[in-house]
Amino acid sequence: MSRQMYNVKDVQEILGVGESKAYQFIRIMNEELREKGFLTVQGKVPAAYMQERFYGMAAVNK
């Protein structure tokens, strides 16, 4: 996937988790970004940040 933002379906597919767990991860990552001063979109997470936060994703997406 070469998108800028991942939605819940993308997170589910990438991580192999259910919908509620995917939303939980998105909420956590968006809260971290807000604490750093970034604007966020509810229900979506920047692809670059998700790749940074989850170990091994950067190697898989190269």
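1. A salt bridge is a side-chain nitrogen of Lys or Arg within 4 Å of a carboxyl oxygen of Asp or Glu. In this predicted model, Arg 3 forms such a bridge with Asp 10, and the closest N and O atoms of the two are 2.3 Å apart. The two partners may be described in turn: Arg 3 counts as partly exposed, with a relative accessibility of 45%, whereas Asp 10, at 6%, counts as buried.

2. By this rule the structure has 3 salt bridges, and another of them joins Glu 31 to Arg 34, with the closest N and O atoms 3.2 Å apart. Both residues belong to helix H2, where they stand 3 residues apart, about one turn of the helix. Glu 31 is partly exposed at 36% relative accessibility, and Arg 34 is partly exposed as well, with a relative accessible area of 41%.

3. A further salt bridge links Arg 53 with Glu 32, the closest N and O atoms being 2.9 Å apart. Because Arg 53 lies in helix H3 and Glu 32 in helix H2, this pair ties together parts that are 21 residues apart in sequence. Arg 53 itself is partly exposed, its relative accessible area being 41%.

4. Turning to the nonpolar residues, the largest nonpolar core contains 13 residues, and those with the most contacts inside it are Tyr 6, Val 11, Met 29, Val 45 and Met 50. Helix H1 (8-15), helix H2 (19-35) and helix H3 (47-53) each supply at least two residues of this core, and H2 gives the most, with 4 residues. When residues up to four places away in sequence are not counted, Val 11 touches Tyr 6, Gly 16, Val 17, Ala 22, Ile 26, Val 45 and Met 50.

5. Leaving aside neighbours within four places in sequence, Gln 12 is in contact with Val 17, Gly 18, Glu 19 and Ala 22.

6. A search of the whole structure finds 1 aromatic pair. The ring centres of Phe 25 and Phe 54 are 5.3 Å apart and their planes stand at 80°, so the pair is edge-to-face. Since Phe 25 lies in helix H2 and Phe 54 in the loop between H3 and helix H4 (57-60), the pair ties together parts that are 29 residues apart in sequence. Phe 25 counts as partly exposed, at 22% relative accessibility, and, not counting residues up to four places away in sequence, Phe 25 touches Leu 15, Val 17 and Phe 54.

Notes. Residues are numbered from 1 along each chain as its sequence is written. This is a predicted model: local features need pLDDT of at least 70, side-chain atom pairs count only at pLDDT 80 or more; totals for chains, interfaces and linings use all residues. Side-chain values use heavy atoms; hydrogens and water are left out. A nonpolar core is a set of buried Ala, Val, Leu, Ile, Met, Phe, Trp, Tyr and Cys residues joined through side-chain atoms within 4.5 Å. Buried means under 20% relative accessible area, exposed over 50%, partly exposed in between (1.4 Å probe, protein chains only). Contact means heavy atoms within 4.5 Å. Rings of Phe, Tyr and Trp (its six-membered ring) pair if their centres lie within 6.5 Å; planes under 30 degrees apart count as stacked, over 60 as edge-to-face and the rest as tilted.
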